Amino acid sequence: MKRSLMVFFILFCQAAAAYAAATITVYPSGNGQFIVQGTGLERVAGIDIAIQYDKTTLANPKVVQGSFVSDSLMVTNTKEGGKVSIASVYAYPRVQSGTGVIAVVSFDNTGSSAANMTSVIPRLLDVNGASLPVVGSVAPIQTDPQPQPSTDTTGGTVSSPTQTALMTPTTTTSGRTTWLGGVSQPTEPGGEKEKIQEQQPAPPVKQEPVNETTLTASVEADVRQQIMTPSAEKKFTAYKSVLNRFRDFKGEKNPQALMKLFTEPDMSGIHQEPAIAFSDGKASVKVFVDVGVSGREAPNFALKGAKLVAIRREKGNVWLLEALPEEKTYEATITILNDSATTEIPLTVVPLIPPDAKIGKEKVMTENDFSLFLKERGTAKVPRYDLNGDGKRDYIDDYIFTGNYLAQLAARDKQTAKK
């Protein structure tokens, strides 16, 4: 009987180990600060984390990059109320393993009671872009009414996690399908064109709750270092998108004025083919980027609103990225990290005009159709030519129509040149 129990115990432990997965845990450390820590990560090339919080008690989130991902490209989004998005990617074929701080997120407390994160949904990618098993968890708020702060070298105080704060977290499995681009890329000129296949999210991972009662001394020191040390200054360049030019346009709306918004100003060293891409879920777009003086390593690339299809180095420091815009999107960007400089490049993409819009004869639009589109706007309750289906007529619809119109003109000119 004892032997049978022992065999069962060994088999149970082996089965539990087979289901083991990495964990991404959010620990509250007091004063509106939260530590995002990765535990047991193995050969990770990309990290994508969505953190939900109570926006009635927390506001103005700020993200500081953790040392575990200090030499990766990190992109964050804190503009969506109640949500913080963090994405990090390493230059191919670099991967990272171990345990450490991914980020420190700080909030302004706007409520009378202590606030915590409501959920964390992580996703890990390997060097081939495939999903890795991972469990997300949120540690409960500490019950110690008098946390002991750590004193920095300038005489101020910085709160650090205490052992009472690190109790058993509640776990949730990952189910996101967001794309983290820029994982595979050659580092030498003339490399073969590499393809990255779209991967399905990993199946739910069975795991026992994580029982952590304390951080190791090294991780706790890492947390203090991340909070106390300001991040290095990096040159950041963000080009203005055509869509934002439409948003900020204050002049008279006529066909010539709106078409001009697609042609100026130019982004030096950046070229898109075709100049206006359709987001129909089928057609890809090529972007040629001159990254300037080359560093020791290949630059990092991350995409938003599009999936990376292929990437290769052209002559000199010019890189070619082929991307597939998300279907029906009108916003997509490529972010490039080259040494200490970060550049955000907007793609010019427009969805196709829906057939029920009934613009133009036999889908061929003329300048008269353009003028009619600008004139007939309908009412606030019943907008005319709501091309993106958001229930209102605004600059986004003007952008979509103008983009489709210019794309048609370019196609007709191309056909005429062939004759």
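User: Why does Lys328 count as exposed?

Analyst: This is a predicted model, so everything here is computed from it. Lys328 has a relative accessibility of 62%, and the cut-off for exposed is over 50%, so Lys328 counts as exposed. Lys328 sits in the loop between S21 and strand S22 (332-338).

User: What is the phi of Lys328?

Analyst: Phi of Lys328 is near 70 degrees, which is positive in a residue other than glycine. As background, most residues other than glycine have a negative phi. Arg43 has a positive phi too, near 50 degrees. Arg43 lies in strand S2 (residues 33-44).

User: Let's go to the rings. Why is the pair of Phe370 and Tyr405 called edge-to-face?

Analyst: By the ring rule there are ten aromatic pairs. For Phe370 and Tyr405, the ring centres are 5.0 Å apart and the planes are at 65 degrees. Centres must lie within 6.5 Å to pair, and planes over 60 degrees apart count as edge-to-face, so that is the name for Phe370 and Tyr405.

User: What makes Phe373 and Phe401 a stacked pair?

Analyst: Their planes are 5 degrees apart, with 4.2 Å from centre to centre. Stacked takes an angle under 30 degrees, and this pair has that. Phe373 belongs to helix H5 and Phe401 to helix H6, so the pair ties together parts that are 28 residues apart in sequence.

User: How do you know that Phe373 and Phe401 are buried?

Analyst: Phe373 has a relative accessible area of 0%, and Phe401 is at 0% as well. Buried means under 20%, so Phe373 is buried and Phe401 is too.

User: Which residues make up the aromatic cluster?

Analyst: Phe370, Phe373, Tyr385, Phe401 and Tyr405 form one cluster. There's also a charged neighbour: Arg393 lies over the face of Phe373, at 4.0 Å from the ring centre.

User: How does the span of H6 compare with the expected one?

Analyst: H6 has 24 residues and reaches 35 Å from its first C-alpha to its last, close to the 34 Å expected at 1.5 Å a residue. At the start of H6, a side-chain oxygen of Asp394 comes to within 3.2 Å of the backbone nitrogen of Ile396. The buried residues of H6 pack against helix H3 (242-248), helix H4 (255-260), strand S17 (277-278), strand S24 (349-350) and H5.

User: What makes strand S21 mostly covered?

Analyst: Six of the eight residues of strand S21 (residues 318-325) are buried. S21 pairs in the antiparallel sense with strand S18 (residues 285-290) over six bridges, and Val287 stands opposite Leu321 in S21. Strand S20 (residues 306-313) and S21 are antiparallel too, joined over seven bridges. Two bridges are enough for a pair. S20 and S21 form a hairpin with four residues between them, and Gly316 in the turn has a positive phi of about 65 degrees.

User: What makes S5 and S9 the edge strands of their sheet?

Analyst: Strand S5 (73-77) and strand S9 (131-132) each pair on one side only. The open sheet has five strands in the order S5-S6-S3-S8-S9, with antiparallel pairing. Within that sheet, eight bridges join strand S3 (residues 46-53) to strand S8 (residues 117-125).

User: Last one: which peptide bond is cis, with omega near -10 degrees?

Analyst: The bond from Glu273 to Pro274. Pro274 is in the loop between strand S16 (270-273) and S17.

Notes
Residues numbered from 1 in each chain as written. Predicted model: local features only at pLDDT ≥ 70, side-chain atom pairs only at ≥ 80, totals over all residues. Heavy atoms only, no water. Phe/Tyr/Trp six-rings, centres within 6.5 Å; stacked < 30°, edge-to-face > 60°. Helix = DSSP H or I, 4+ residues; strand = E, 2+ residues; numbered from the N terminus. Buried < 20%, exposed > 50% of the residue type's maximum accessible area, 1.4 Å probe, protein only. Lys NZ or Arg CZ within 6 Å of the ring centre and 35° of its normal. Expected span 1.5 Å × (residues − 1). Contact = heavy atoms within 4.5 Å. Polar contact = N/O pair within 3.5 Å; in protein donor to acceptor, adjacent residues only side chain to side chain.
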